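Dear colleague,

Please find below the structure that I am handing over to you, with its sequence. My notes on what was found in it follow directly after.

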Amino acid sequence: MNYLRITFVVALTASLGGAAGDALSAPALLRGGKVLVGDGSVVVNADVLIEGDRFAFVGSQGRKDTPTDADIVDVTGKTIIPGLIAAHAHIGQVDGLENGSANYTRTNILRQLKQYEAYGVTTLGSLGLNAPLFYELRDKLHAGELPGADIYGADRGIGVADGAPPAGAVKVSEEQLDRPATPKAARAAVRASVQRGADLIKIWVDDFRGSLPVKMSPEIYAAVIDEAHAQGLRVASHVYYLEDAKRLAKLKVDVLAHAVRDQPVDAELIKLLNDNKIIYIPTIGVDESAYIYADRPEWMGTTFFQHALQPALREQFDSASWREGILANRKLADSRKAVAMNQQNLLALQRAGVRLGFGSDSGANPVRIPGFAEHRELQLLCEAGLTPLEALQTATVNAAAALGLDDRGAIVAGKLADFVILDADPTEDVQNFQSIESVWHRGKKVSGAIEEFQP
């Protein structure tokens, strides 16, 4: 069988010399483009100077002390955005249509990370279900020794005995998930995660829309949050219900890693989120992915979408019987209602000053597609009422904050030079986030080539 190989063309290779992804031998000055900084501000006719792996200068054109050895690149008419940061994703769970611990391999994870990077996602947070291999790969990615998106992780994550995440859907080994039965065991699980090197802690609190017999008890998640904070780690929580969100917010959880979808958010939650500086990640695509591919929207025919698919997934989407089965599911209406409620709530929260983060829960199952899911999430945020600049801020500055990072997420002097050059301006049309010309990661230009999918 022939497997798909896709290469994103990097137009700047010839102008700078050397192969895509090679370290630059000299500073680079990108001149004349429009910069969407990531914090909501814009610089037009900009000079962007890159030295090593950092931005050295970002400002209006006309910098007079440009290094004499700098390679000057004309990006007039193009738009430069920070590399996207997916603060809620998973790696190594899926290969083709299969989900489970057998997929947590070096080859599969690196394939996924290169796909994220090709789609402009240069950093992601893997929120749980990580095996020991995660730490080996993370350290090498941090050091720039492996290709692909950089990763931060919530170690195994803490779930519920006989509850979330559902064992039937999340087929992981014992070394990928903790399910403590008591507050004491929960504290021990947090300390063990710290010992392994976790960047943050993840908890699953709700009952997946009533499909599971129990939720996590308040005593256990209170113990997790307290112990994690004592150990200096942030906590992100899987959530669905308004009342659970308020209880977590009162305990000062750091991130609500999903949206409230059972009812409209209220003034009490808004105040708790703002007062405690809690970041709220809507993950609209979680519910939309339950039905959207059976709906067959026109964008499924685009190259941008098709390039993200493994062959088995493409065949599934093309199957009339599969689509009929999805559309016949009685619970589908609940997913459509959840998307509408999610979008209503996120707009209310954003307008009330709550800090929205970014992620799509991509990689958790086969239909949450690495890289593409993040671009779909940008569109869904804008459909909810955010401007493209506001949506971009959730996916850059705010997402970095959700992961506790301050060295990336904005095109600002001193930050890591992770950015994407676009052929068209997304502030004019959110679809233009997909007009990727090239992706740069830590001051290096990457080809965006997606490896052949493994049989």
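**Nonpolar cores**

The largest nonpolar core has 112 residues, and of these Leu113 and Tyr293 touch the most other members. Helix α15 (residues 388-402) gives the most to this core, with 7 residues. Apart from it lies another core, of 19 residues, including Phe55, Val75, Ala410 and Phe419. Please keep in mind throughout that this is a predicted model.

What does tyrosine 293 touch, if residues up to four places away in sequence are not counted? Its contacts are Trp299, Met300, Phe305, Phe317, Trp322, Arg323, Val367, Ile369 and Phe372.

**Aromatic rings**

The structure holds 14 aromatic pairs. In one of them, phenylalanine 305 and phenylalanine 317 are stacked, at 6.2 Å centre to centre and with 20° between the planes. Phenylalanine 305 belongs to helix α10 (residues 303-306) and phenylalanine 317 to helix α11 (residues 311-317), so this pair ties together parts that are 12 residues apart in sequence.

Phenylalanine 419 and tryptophan 440 form another stacked aromatic pair, with 5.0 Å centre to centre and 20° between the planes. This pair links distant parts of the chain, 21 residues apart: phenylalanine 419 is in strand β15 (residues 419-422), and tryptophan 440 is in strand β16 (residues 436-441). Both phenylalanine 419 and tryptophan 440 are buried. As noted above, Phe419 is among the members of the core of 19 residues.

Ring pairs also link Tyr119, Tyr293, Trp299, Phe304, Phe305, Phe317, Trp322 and Phe372 into a cluster.

An open sheet is formed by 3 strands in the order β6-β9-β10, with parallel pairing. Its edge strands are β6 and β10 (150-153), each of which pairs on one side only. On average, neighbouring strands of this sheet are turned by 20° against each other, direction ignored. Helix α2 (residues 106-118) packs on the sheet and touches β6, β9 and β10; the direction of α2 makes about 130° with that of β9.

Strand β6 (residues 84-89) is joined by 4 bridges to strand β9 (residues 121-126), and the two run parallel. Within this pairing, alanine 86 has leucine 124 of β9 as its bridge partner, and alanine 89 has serine 126. How many of the 6 residues of strand β6 are buried? The count is 6 of 6, so β6 is largely enclosed by the rest of the structure.

**Helices α3 and α4**

In helix α3 (residues 133-142), the residues Leu133, Phe134, Tyr135, Leu137, Arg138 and Leu141 are buried. The buried residues of α3 pack against α2, β9, β10 and α4. After α3 comes glycine 144, whose phi is positive, near 75°.

Serine 193 lies in helix α4 (residues 183-196). With 2% relative accessibility, serine 193 counts as buried. Not counting residues up to four places away in sequence, serine 193 touches Tyr135, Asp155, Ala198 and Ile201. Tyr135 is one of the buried residues of α3 listed above.

**The sheet of four strands**

A further open sheet has 4 strands in the order β11-β12-β13-β14, and the pairing is parallel. Strands β11 (200-204) and β14 (279-280) stand at the edges with a single partner strand each, so one side of each is left without a neighbour in the sheet. Strand β12 (residues 234-238) pairs with strand β13 (residues 255-256) in the parallel sense over 2 bridges. Here the bridge partner of serine 237 is leucine 256, in β13.

Yours sincerely,

A colleague

Terms used
Residues are numbered from 1 along each chain as its sequence is written. This is a predicted model: local features need pLDDT of at least 70, side-chain atom pairs count only at pLDDT 80 or more; totals for chains, interfaces and linings use all residues. Side-chain values use heavy atoms; hydrogens and water are left out. Buried means under 20% relative accessible area, exposed over 50%, partly exposed in between (1.4 Å probe, protein chains only). Two strands pair if DSSP finds at least two bridges between them. A nonpolar core is a set of buried Ala, Val, Leu, Ile, Met, Phe, Trp, Tyr and Cys residues joined through side-chain atoms within 4.5 Å. Contact means heavy atoms within 4.5 Å. Rings of Phe, Tyr and Trp (its six-membered ring) pair if their centres lie within 6.5 Å; planes under 30 degrees apart count as stacked, over 60 as edge-to-face and the rest as tilted. Axes are lines fitted to C-alpha atoms, for helices over the stretch in contact, and angles run from 0 to 180 degrees between N-to-C directions.
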